Amino acid sequence: MKDVKPATLREKSVDELHTRERELTEQLFKLRFQRATGRMESPAKMRQVRREIARIQTILNEKARA
């Protein structure tokens with residue numbers, strides 16, 4: 001998974017950001033399930049997903065205030 005830059009996310013619409021956030025939340029759930037069952041391939045992927053979710057939430061808050 002490639003690290004997404006905030007500038008790229010700022011170009012997207014609010015609806016696109018909400019959709020991406022939902023997708024990442026589902027992916028994070030699946031990764032947690034894999035970790036619990038002991039068949040996780042890349043533990044670092046959880047960190048990347050959590051950080052991207054945080055970036056999206058930050059940008060959504062910025063857009064809401066503007």
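Colleague: Let's start with the overall build. What pattern does the protein follow along its sequence?

Modeller: Keep in mind that this is a predicted model. Its secondary structure comes to three helices and zero strands. Reading along the sequence, you get the pattern α-α-α.

Colleague: Let's look at one residue, then. Is Met 46 buried or exposed?

Modeller: You'll find Met 46 in helix H3. Not counting residues up to four places away in sequence, Met 46 touches Leu 28, Leu 31, Arg 32, Arg 35 and Met 40. Its relative accessibility is 5%, and under 20% is the cut-off, so Met 46 counts as buried.

Colleague: How far apart in space are Met 46 and Leu 31, C-alpha to C-alpha?

Modeller: Leu 31 is among the residues that Met 46 touches. In sequence the two are 15 residues apart, while in space their C-alpha atoms are separated by 6.6 Å.

Colleague: Now the charges. How many salt bridges does a search of the whole structure find, and which residue pairs with Glu 62?

Modeller: The search of the whole structure finds three salt bridges. In the one formed by Glu 62, the closest N and O atoms are 3.1 Å apart. Glu 62 lies in helix H3 and its partner in helix H1 (residues 6–10), so the pair ties together parts that are 52 residues apart in sequence. That partner is Arg 10.

Colleague: Are Glu 62 and Arg 10 buried, or partly exposed?

Modeller: Glu 62 has a relative accessibility of 35%, and Arg 10 has a relative accessible area of 41%. Buried means under 20% and exposed means over 50%, so both Glu 62 and Arg 10 come out as partly exposed.

Colleague: Which residues are linked in a network of salt bridges?

Modeller: Start with Glu 23, which forms a salt bridge with Arg 20, the closest N and O atoms being 3.4 Å apart; both lie in helix H2, three residues apart, about one turn of the helix. Arg 20 also forms a salt bridge with Glu 52, at 3.2 Å between the closest N and O atoms. This second pair links distant parts of the chain, with Arg 20 in helix H2 and Glu 52 in helix H3, 32 residues apart. The network therefore consists of Arg 20, Glu 23 and Glu 52.

Colleague: Is Glu 52 buried or exposed?

Modeller: Arg 20 is partly exposed at 25% relative accessibility, and Glu 23 is partly exposed too, with a relative accessible area of 42%. For Glu 52 the relative accessible area is 3%, so Glu 52 is buried.

Colleague: Last one. Which helix gives the largest share of the positive patch?

Modeller: The positive surface patch is formed by Arg 32, Arg 35, Arg 47, Arg 50 and Arg 51. Arg 35 lies in helix H2 and counts as exposed because its relative accessibility is 51%. Helix H2 (14–37) and helix H3 (44–65) each supply at least two residues of the patch. The largest share, three residues, comes from H3.

Key
Residues are numbered from 1 along each chain as its sequence is written. This is a predicted model: local features need pLDDT of at least 70, side-chain atom pairs count only at pLDDT 80 or more; totals for chains, interfaces and linings use all residues. Side-chain values use heavy atoms; hydrogens and water are left out. Patches are made of residues with over 30% relative accessible area and no salt bridge: like charges are joined within 9 Å, nonpolar side chains (Val, Leu, Ile, Met, Phe, Trp, Tyr) within 5 Å. Accessible areas come from the Shrake-Rupley method with a 1.4 Å probe; for residues, only the protein chains shown count as cover. A salt bridge is a side-chain nitrogen of Lys or Arg within 4 Å of a carboxyl oxygen of Asp or Glu. Lys and Arg count as positive and Asp and Glu as negative; His and the chain ends are not counted. The place of a charge is taken as NZ of Lys, CZ of Arg, CG of Asp or CD of Glu. Helices (H or I, at least four residues) and strands (E, at least two) are DSSP runs, numbered from the N terminus. Buried means under 20% relative accessible area, exposed over 50%, partly exposed in between (1.4 Å probe, protein chains only). Contact means heavy atoms within 4.5 Å.
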